[in-house]
There are 2 protein chains.
Amino acid sequence: MRQSKLFSKTSKTSESGAKSVNHDLLARAGFVDQLMAGVYSYLPLGQRVLDKVSNIVRQEMDEVGGQEISLPALHPKENWETTGRWDSMDVLFKIISQSKSEYALGPTHEEVIVPLAKKFIFSYRDLPASLYQIQVKFRDELRAKAGLLRGREFLMKDLYSFHASHQDLKDYYEKMKTAYLKIFSRCGLKAIITEASGGSFTKEYSHEFQVETPNGEDTIFYCPCSFAQNKEIAKHKAGDKCPDCGKKIQELKTIEVGNIFDLGTKFSNDFKLTFTDDKGKEDLVAIGCYGIGISRLMGAIVEVRHDKDGIIWPEEVAPFDYHLLSLTDKGEEVYDDLVKAGVSVLWDDREDVSAGEKMADSDLIGIPNRLVISKKTGDKIELKKRDEEDVKLISIKDVLSDK
Amino acid sequence: MRQSKLFSKTSKTSESGAKSVNHDLLARAGFVDQLMAGVYSYLPLGQRVLDKVSNIVRQEMDEVGGQEISLPALHPKENWETTGRWDSMDVLFKIISQSKSEYALGPTHEEVIVPLAKKFIFSYRDLPASLYQIQVKFRDELRAKAGLLRGREFLMKDLYSFHASHQDLKDYYEKMKTAYLKIFSRCGLKAIITEASGGSFTKEYSHEFQVETPNGEDTIFYCPCSFAQNKEIAKHKAGDKCPDCGKKIQELKTIEVGNIFDLGTKFSNDFKLTFTDDKGKEDLVAIGCYGIGISRLMGAIVEVRHDKDGIIWPEEVAPFDYHLLSLTDKGEEVYDDLVKAGVSVLWDDREDVSAGEKMADSDLIGIPNRLVISKKTGDKIELKKRDEEDVKLISIKDVLSDK
């Protein structure tokens with residue numbers, strides 16, 4: 001892609017209201033634009049990152065047997081009354097239509113998927129089932145804040161699993177932990193599995209996936225041996241002995257990037273989702289729920305992976321693999337060769353921009369590999385990794401063989 | 001994919017309220033489920049079709065220089081007041097938040113993309129620009145009907161183009177006509193470019209892409225020479241001489257699958273979206289708007305392409321390329337070989353279902369190529385195309401080489 005044609009511009013000044021690192025950098029680098037508090041447009045660069053993150057999530061959900069579907073955002077009021085959440089969920093957007101019907105705007109989808117499952121699940125032979133969607137969610141947050149981390153409208157993957165026994169649910173829940181760690185690792189993040197409140201549905205803990213960062217809004221108590229609890233439920237504090245290994249517990253500031261819930265039979269009881277077991281006995285289906293905020297994850301990556309100059313995208317989610325800066329007229333030829341060979345490259349072909357500005361913009365945008373052609377480089381190209389200091393001279397053949 | 005694991009079941013009886021062919025067949029074959037009038041869930045089979053249609057649209061929009069973005073569904077009231085449509089658009093869903101802010105739920109996105117463009121378009125050097133999204137739209141229809149054809153919530157591609165001159169817009173508009181015909185052709189439909197009202201924005205005609213079908217809700221007057229007008233604006237009627245070629249004009253029942261608008265400077269005037277031309281003069285940007293309802297298109301394909309037994313998917317949008325029905329125990333081996341070779345195949349491995357039911361379900365679901373393994377077929381496999389009567393015996397090698 002030619003940068004002169006790219007719909008976005010970098011900016012040296014912060015967008016008004018940008019109080020978080022992710023909002024500030026993503027807006028200044030031209031990935032997102034804030035329409036209003038907690039509501040963002042994704043520009044072409046941002047769309048590319050969202051698509052890459054979504055595809056990683058999709059691959060790993062398919063890998064654990066998930067089937068992709070799409071559920072509506074408009075939900076009938078009755079379904080939310082059935083679960084008691086029409087009145088109890090404070091972030092629920094409510095709409096009245098011209099014909100005086102009342103709808104909820106989906107902040108989560110138990111109220112739709114459980115009645116749907118009732119149409120297809122009858123017998124133990126129909127279980128287990130695992131369904132997910134990647135879809136926009138709505139929450140009427142009083143204070144939307146922290147850029148992409150807490151929005152009124154955001155992209156989310158939610159998977160729901162249905163099981164014939166609680167043991168089968170528990171086994172699947174453990175598989176999902178592994179899948180989640182893989183997703184976050186592919187996104188360049190080291191996630192900590194953290195015990196958290198199960199909410200009103202269950203006496204058991206739920207699990208959050210927390211990522212350490214100085215500006216995190218969550219606090220967890222953590223020991224590298226694998227102990228981790230959210231402050232909200234923690235019975236230990238920093239400095240205490242870890243109950244598992246005896247070492248000192250640390251306090252960490254973190255961002256939650258995913259959570260998984262054992263919902264038990266709460267929702268299957270509400271909607272009478274039952275199945276007949278292999279002995280002909282009727283029983284309630286056990287349900288698990290597994291969420292990842294895709295746009296939130298994009299924000300979290302920026303919070304964790306940046307320096308004073310800009311974003312440092314991990315390879316797998318970067319909008320492009322290479323950023324080509326040509327300070328001579330040899331650029332077009334190299335760009336054409338790269339494109340022809342199928343290399344994912346953004347070419348800074350802007351004519352009215354200085355070499356210094358191009359370098360600064362490249363650091364701000366944060367593509368993992370920067371290629372510079374200048375008078376000094378001769379027949380070679382200068383390669384610098386965004387997260388390394390060293391530069392080296394390579395040939396275009398090296399780029400092509402690296403692809 | 002093993003059909004025994006697929007989340008969906010075929011049904012011999014129609015879903016309640018299914019009054020259109022597309023709703024009836026898509027629900028009975030397990031592609032969609034109606035949550036309420038005009039609001040559908042897409043099951044795994046339906047999701048696959050939506051993804052394939054979306055990717056065709058995406059490829060053709062990229063081909064004409066479109067850049068993909070995502071705009072929010074929640075819009076600030078002020079933007080809709082600026083264009084005068086807060087009060088004048090009767091299908092606008094309106095929401096009031098906890099903090100008493102008023103939002104529109106986007107039925108179209110001029111009110112968001114034009115203010116966004118104002119942040120990036122300043123000079124003739126920033127033009128033309130072409131931006132699109134594939135995203136859920138909301139319309140508060142009093143009477144949602146005709147299955148996927150007229151919904152309250154639906155998936156849509158909308159592209160907006162920005163130009164320095166009206167002539168440049170007109171040239172792009174013609175390119176878009178060609179791109180649209182290609183999209184519909186890849187979806188197995190022959191679309192007729194039809195003159196229609198330009199709405200309140202322009203004195204010129206807009207253009208609709210209409211597809212002939214007996215149950216169509218639109219009426220057009222048409223001559224194969226290329227003359228076509230929507231009844232709403234037509235000055236001719238059936239039997240009149242075509243003004244272009246003199247032959248007799250025919251009346252056709254049709255479904256609209258896309259439309260394109262020359263919006264002129266209506267919205268750039270509302271939001272003061274101007275640019276500086278190459279002589280330093282300031283002028284309003286000319287805007288075009290180009291829509292395709294992705295879910296509507298899925299419904300239109302079914303309306304046009306079905307017989308008494310079920311759906312007849314065109315190759316490019318079918319949920320799978322092959323439907324394998326094994327009536328002996330040789331199925332698994334063949335299925336494994338096909339999967340290993342990367343063939344897109346649904347295997348009907350259900351144990352409690354008769355051969356006759358499997359055949360009927362295969363016709364209902366409508367995958368283009370049916371493979372049957374039975375005692376009669378020996379070492380070979382019987383291939384039948386969904387839209388042909390003939391069957392032929394082939395070997396698994398033939399399937400693999402056809403891939």
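Analyst: Start with strand β16 (residues 286-293) of chain A. Eight of its eight residues are buried, so β16(A) is largely enclosed by the rest of the structure. Buried means 20 or more other C-beta atoms within 10 Å of the residue's own, exposed means 12 or fewer, and partly exposed is in between, with C-beta atoms placed from the backbone. Strands (E, at least two residues) and helices (H or I, at least four) are DSSP runs, numbered from the N terminus. This is a predicted model: local features need pLDDT of at least 70, side-chain atom pairs count only at pLDDT 80 or more, and totals for chains, interfaces and linings use all residues. Residues are numbered from 1 along each chain as written, and chains are lettered from A in the order written.

User: Which residues of β16(A) lie on each side?

Analyst: In a regular strand, side chains alternate between the two faces of the sheet. Here A:A286, A:G288, A:Y290 and A:I292 are on one side, and A:I287, A:C289, A:G291 and A:G293 are on the other. Both faces are covered.

User: Which strands join β16(A)?

Analyst: Strands pair if DSSP finds at least two bridges between them. β8 (residues 153-163) of chain A runs antiparallel to β16(A), with eight bridges. There, A:M156 partners A:G293. β13 (residues 250-264) of chain A is also antiparallel to β16(A), with five bridges. A:N259 stands opposite A:G291.

User: How many residues are in contact between chains A and B?

Analyst: Contact means C-beta atoms, placed from the backbone, within 7 Å. By that rule, 39 residues of chain A touch 39 of chain B. On chain A's side, β2(A) gives the largest share, four residues.

Key: Two residues are in contact if their C-beta atoms, placed from the backbone, lie within 7 Å.
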